[in-house]
Amino acid sequence: MTLDATPAKFKPYTRQSIQNARQWQWLSPDLQEAVQVVSHVLPFRTNEYVMEQLIDWSNVPDDPIYRLTFPHRDMLPAREYEQLRDLVLVRKDDAAIAKLVHDIRMRMNPHPAGQMTHNVPRVNDAPLKGLQHKYKETVLFFPSAGQTCHAYCTFCFRWPQFVGMEEMKFDARESTELVSYLATHPDVTDVLITGGDPMIMNTRSLAEFIEPLLAPELAHIQNIRIGTKSVAYWPQRYVSDKDSDDLMRLFEKVVNAGKNLALMGHYNHAVELRQPVAQQAVKRIVGTGATLRMQGPLIRHINEDPNSWAELWTTGVRLGAIPYYMFVERDTGPREYFALPLARAHEIFQAAYSMVSGLSRTVRGPSMSAFPGKVVIDGVVTINGEKLFALQFLQARNPDWVRRPFFAKYDPDATWLDHLKPAFGRKKFFFEGGEDDHDAVGAAGRVIPIQAVNAHDRRASDSQPDAA
């Protein structure tokens with residue numbers, strides 16, 4: 001394949017337009033039905049590049065990129081699927097559809113890890129729209145113009161951002177309040193611009209959010225990160241889009257201002273970096289002096305093969321990218337469909353890690369971005385005859401927890417931190433209650449209620465100027 005063979009103009013497909021794609025006719029009626037039904041609950045958006053270059057249609061539905069981007073029947077329990085199918089295809093009752101869809105979404109833990117109740121900073125007792133501040137060094141910023149993606153991943157933990165759940169959205173229309181907040185928080189060194197995908201914006205709009213961070217009064221901001229899947233789903237953004245050269249100049253401007261610009265590139269499978277245009281995108285990014293760090297979750301049905309991870313990391317290093325994280329799929333959305341036991345996740349990571357050279361061993365994992373922090377599974381050990389998981393925090397709400405080893409009873413079926421029990425007969429992990437954790441974790445339940453985000457908070461937020 002040559003670069004000329006890749007789509008040059010971005011063309012998205014949604015539930016309303018996917019029938020216009022030539023590949024739609026290649027799907028069986030059952031697969032077509034699943035897309036039409038499940039996409040009422042979970043977001044569905046793909047594009048011509050993904051469909052033409054990344055999906056092997058001879059291997060559908062088992063092709064990993066197809067499973068990554070197209071909704072599937074088994075993402076819903078059988079009873080829910082049949083109820084929704086009846087409403088969508090038979091009764092066509094919009095009000096009943098909306099109620100059932102809402103009920104399904106709310107039981108899917110739509111704001112994992114305390115995103116809305118514990119991560120949103122407040123000024124004068126009002127929440128700042130479009131910001132999250134979970135770790136003291138890093139602030140997350142959600143520009144409103146970046147609240148979509150070139151294609152949606154079916155596992156995405158920010159799926160409520162894309163399905164019209166307005167009360168779950170994080171978005172800021174400009175950077176004024178971000179700059180004001182950063183100016184009063186000199187301990188913050190990193191700003192992560194995320195979404196959605198900020199790279200969905202044109203360069204001029206992106207610059208309006210980035211350039212204020214280069215001001216002298218924000219000299220303590222050392223690192224500007226951009227979370228993006230565009231490197232895999234639309235690498236043309238860096239190569240052939242009409243303002244791709246302007247984008248490279250913006251990256252250079254940030255670097256020349258003395259900041260580290262890091263693109264946090266989300267890759268889920270080696271095929272995403274096999275395309276020549278994807279490789280050229282990496283080279284152009286790192287050629288500006290920016291860094292590209294590779295991260296992604298380990299997902300059942302998608303990337304359980306250690307060889308794929310090893311190929312991805314090795315190819316990335318050859319092109320100048322840095323392997324960064326292998327995550328554990330979060331406890332939200334259709335996680336029963338995607339989740340892998342932690343023991344299996346560790347086996348896959350260890351196998352992939354053993355295949356690569358030291359240059360690729362910058363990667364960390366498998367890591368859970370849980371409520372108290374990022375917890376990595378360091379290994380499976382036996383102490384005093386007891387089989388255990390060895391764990392530690394790579395990042396935490398309480399900085400004192402970082403790199404403090406702890407142990408959990410080995411559970412071959414556990415898929416998340418709150419499924420684990422402390423080792424050595426203890427009733428609680430050291431971070432559960434009785435510790436100065438800044439946010440009293442207590443018993444780490446899977447679903448965190450959202451009553452704290454109430455109508456008063458929403459009105460207070462909405463009454464602020466557009467800068468919010």
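## A tour from Ser360 to the cores

Begin by selecting Ser360, which, leaving out residues up to four places away in sequence, touches Trp313, Thr314, Val317 and Pro323. Bear in mind throughout that this is a predicted model. Ser360 is found in the loop that runs between helix H13 (342–354) and strand E12 (364–369). Is Ser360 buried or exposed? Its relative accessibility is 2%, and because buried means under 20%, Ser360 counts as buried.

Of its 468 residues, 59% are buried. If you display the contacts between residues at least 6 apart in sequence, 73% of them join residues at least 24 apart.

Next, select helix H1 (residues 29–38) together with helix H4 (residues 78–91), whose axes come within 9 Å and cross at roughly 90 degrees. H1 and H4 are therefore roughly perpendicular to each other. To see what makes this contact, show the side chains of Glu33, Ala34, Gln36, Val37 and Val38 on H1, and those of Tyr81, Leu84, Arg85, Val88 and Leu89 on H4. By class, the residues in the contact of H1 with H4 are seven nonpolar, one polar and two charged.

On the H4 side the contact is made by Glu80, Gln83, Leu84, Leu87 and Val88, and on the H5 side by Ala96, Ile97, Leu100, Val101 and Ile104. Sorted by class, the contact of H4 with H5 has eight nonpolar residues, one polar and one charged.

Which residues touch the most other members of the largest nonpolar core, a set of 105 residues? They are Phe70, Leu84, Leu182, Ile224, Tyr238, Phe251 and Tyr267. Centre the view on Tyr267 and, setting aside its neighbours within four places in sequence, look for its contacts with Lys229, Val231, Ala232, Glu272, Leu273, Val282, Leu292, Met294, Gln295, Gly296 and Leu312. In soluble globular proteins, nonpolar side chains tend to be buried together.

Terms used. Residues are numbered from 1 along each chain as its sequence is written. This is a predicted model: local features need pLDDT of at least 70, side-chain atom pairs count only at pLDDT 80 or more; totals for chains, interfaces and linings use all residues. Side-chain values use heavy atoms; hydrogens and water are left out. Axes are lines fitted to C-alpha atoms, for helices over the stretch in contact, and angles run from 0 to 180 degrees between N-to-C directions. Helices (H or I, at least four residues) and strands (E, at least two) are DSSP runs, numbered from the N terminus. Angles under 35 degrees count as roughly parallel, over 145 as roughly antiparallel, 65 to 115 as roughly perpendicular and the rest as oblique. Contact means heavy atoms within 4.5 Å. Ala, Val, Leu, Ile, Met, Phe, Trp, Tyr, Cys and Pro count as nonpolar, Asp, Glu, Lys and Arg as charged, and the others, Gly among them, as polar. A nonpolar core is a set of buried Ala, Val, Leu, Ile, Met, Phe, Trp, Tyr and Cys residues joined through side-chain atoms within 4.5 Å. Buried means under 20% relative accessible area, exposed over 50%, partly exposed in between (1.4 Å probe, protein chains only).
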